[in-house]
Amino acid sequence: IDNCRMRIPYSRLNSSSSPHRIFFIPICTSRRFFFLITLALLVSFFYFAWSTEESMGGETSLPTKPRFSLDEMRGFARRKSLSTDYKQSYYTKSATSFDRMLMEKSSRFDISDTDVLVFVHIQKTAGTSFEKFLVRHLSIDRPCECTQKRKRCVCKRPGVSNNQTWLFSRYSTGWVCGLHADYTELAVSACVDTVLEKKEGSGTRRRYFYTSFLRDPITRYISEYRHVSRGATWMASRHMCNGRPPTPDEMPLCFDPRIGWEGVTLDEFLSCPFNLASNRMTRMLADLTLVDCYDTTKMEREKRDSIMLESAKANLRSLSFYGLKERMDDSQWMFERLFGLRFTKRLAEWNKSKSNDTIVTPQIMERIRETNALDMELYAYAVELFDERMGRMKREGLPVTVPESTLPSASHFVDDSPSGGDKSGNKVVRAPSNDEDEEEEDDRYEDSERYT
């Protein structure tokens with residue numbers, strides 16, 4: 001107010017006829033009011049800063065330069081993630097991870113108890129060979145009963161009166177959760193537990209040991225192309241997610257289902273944007289509910305790919321076991337010691353893949369790499385994690401609990417065909433061949449089969 005009076009003559013300010021008496025007095029009063037408010041805010045701010053400093057012990061020094069570079073810190077996080085015991089129980093009932101099996105003896109697989117081995121079968125990753133070995137060449141007290149000319153085996157637990165199964169796979173329970181059901185269908189949707197509860201009763205408390213096989217993404221993709229070009233389509237797959245299959249808008253088909261895709265060229269196979277062969281391993285191991293299942297319109301592609309890849313890595317860590325097609329002997333060594341079981345044959349004894357005979361130009365090869373970029377990163381991570389687990393198991397010195405000298409015979413096969421017998425009419429035991437031709441025959445059969 002005094003400042004205003006210095007600017008305005010006193011006689012004019014006190015004059016009743018002067019307009020300044022009406023306007024300048026409120027203006028000067030409001031300036032004083034705002035000054036007081038500003039002063040109060042500044043006092044409050046400095047008091048708050050002082051009290052915060054006291055509560056934090058007076059640490060107000062500026063941060064120094066980090067000791068490690070960003071790449072080094074990312075390497076530390078990656079190293080930590082290799083041994084992280086991912087808690088899968090949020091999605092599934094009593095799922096047992098590799099870390100838990102290795103660290104806790106009580107978490108080891110017990111075929112005589114209520115444990116169930118579940119196999120996530122990814123196309124063209126040697127999964128068929130591994131599943132056949134589980135039902136045909138695994139040395140156990142009660143071998144699986146497989147009948148010649150049939151696609152299923154009966155795998156019951158040891159004990160004559162025990163009718164519970166210990167194996168959930170293609171050649172035991174069949175495709176009850178859908179043809180080549182993925183992790184989302186088997187584990188996240190709890191289809192495995194639902195099926196066994198309906199079949200064996202809901203009162204049984206089971207532990208699930210999820211397993212799978214992976215393969216180099218380039219050779220896997222070419223092998224799937226060769227498989228599809230010879231007639232396989234996997235049309236019976238359900239792709240269930242969040243309780244429903246994808247709509248035609250969410251998952252268009254690359255071919256006419258009335259005709260199939262037999263004879264497709266590699267260029268055409270690559271050019272279809274809805275081909276599920278692209279990044280198949282990542283998709284089949286990820287939790288698809290995190291990315292709105294097969295609806296790609298609700299999320300940007302980069303964000304969707306990132307979430308799927310990280311989910312696939314996490315679920316890979318949570319598996320009890322996974323093998324690598326390129327390292328069959330190491331995979332067999334790891335499985336036998338981790339599960340305390342033994343095969344009667346070498347898993348590496350299988351025929352050469354037909355994908356090795358496919359001629360691919362450098363341009364096509366580059367397109368295959370770009371199309372399977374997620375699988376490339378996932379597989380590199382899987383190899384590193386596999387080596388880390390192998391090292392841990394060798395340090396632990398886990399033995400095979402089944403003595404080699406007391407191995408019973410592997411699963412037996414009964415030929416019940418009209419001509420299946422010797423000259424005396426007796427049934428004979430025959431072991432089917434283990435090659436890609438038999439796998440193609442099985443897939444053509446399963447494409448036309450109806451599953452309930």
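**Side-chain contacts and overall architecture of the predicted model**

The backbone oxygen of Gln123 lies 3.1 Å from a polar atom of the Arg220 side chain, a polar contact being a pair of N or O atoms within 3.5 Å, where within protein one must be able to donate a hydrogen and the other to accept it, and where residues adjacent in sequence count only if both atoms are side-chain atoms. The structure is a predicted model, in which local features need pLDDT of at least 70 and side-chain atom pairs count only at pLDDT 80 or more, whereas totals for chains, interfaces and linings use all residues. Residues are numbered from 1 along each chain as its sequence is written, and side-chain values use heavy atoms, with hydrogens and water left out.

The side chain of Arg220 also has a polar atom 2.9 Å from the backbone oxygen of Ala277. Arg220 belongs to helix 9 (residues 217–229); helices (H or I, at least four residues) and strands (E, at least two) are DSSP runs numbered from the N terminus. With a relative accessibility of 0%, Arg220 is buried; the term buried denotes under 20% relative accessible area, exposed over 50%, and partly exposed the range in between (1.4 Å probe, protein chains only). When neighbours within four places in sequence are left aside, Arg220 is in contact with Gln123, Lys124, Thr125, Arg215, Ala277, Arg280 and Met281, contact meaning heavy atoms within 4.5 Å.

The chain as a whole contains 16 helices and nine strands. It comprises 452 residues, of which 45% count as buried. Of the contacts between residues at least 6 apart in sequence, 74% join residues at least 24 apart.

Aromatic pairs were considered next. A pair of aromatic rings is described by the distance of the centres and the angle of the planes. Rings of Phe, Tyr and Trp (its six-membered ring) pair if their centres lie within 6.5 Å, and planes under 30 degrees apart count as stacked, over 60 as edge-to-face and the rest as tilted. A search of the whole structure returns 19 aromatic pairs. In one of them, the ring centres of Phe213 and Phe321 are 6.3 Å apart and the planes stand at 70 degrees, so this pair is edge-to-face. The two residues come from distant parts of the chain, Phe213 from strand 6 (residues 207–214) and Phe321 from strand 7 (residues 321–324), 108 residues apart. Phe213 is buried, at a relative accessible area of 0%, and Phe321 is likewise buried at 0%. Both rings belong to one aromatic cluster formed by Phe109, Phe119, Phe130, Phe133, Phe209, Phe213, Phe321, Phe335, Phe339 and Phe343.

Charged side chains form 17 salt bridges in the whole structure, a salt bridge being a side-chain nitrogen of Lys or Arg within 4 Å of a carboxyl oxygen of Asp or Glu. Asp115 and Arg207 form one of these, with the closest N and O atoms 2.9 Å apart. Because Asp115 lies in strand 1 (residues 115–120) and Arg207 in strand 6, the pair ties together parts that are 92 residues apart in sequence. Asp115 is buried at 0% relative accessibility, whereas Arg207 is partly exposed at 23%.

A further salt bridge joins the side chains of Asp182 and Arg283 (3.9 Å, N to O). This pair also links distant parts of the chain, with Asp182 in the loop between strand 5 (167–168) and helix 7 (183–188) and Arg283 in helix 11 (residues 280–285), 101 residues apart. Asp182 and Arg283 are both buried. Lys298 and Asp295 meet in another salt bridge (3.9 Å, N to O); Lys298 is exposed at 59% relative accessibility, while Asp295 is buried at 13%.

Most residues other than glycine have a negative phi, and most peptide bonds are trans. Ala190, although not a glycine, has a positive phi of about 60 degrees. Ala190 is placed in the loop between helix 7 and helix 8 (191–200) and is partly exposed, with a relative accessible area of 27%. His239, also not a glycine, has a positive phi of about 60 degrees. The position of His239 is in the loop between helix 9 and helix 10 (266–271), and His239 is buried at a relative accessible area of 13%.
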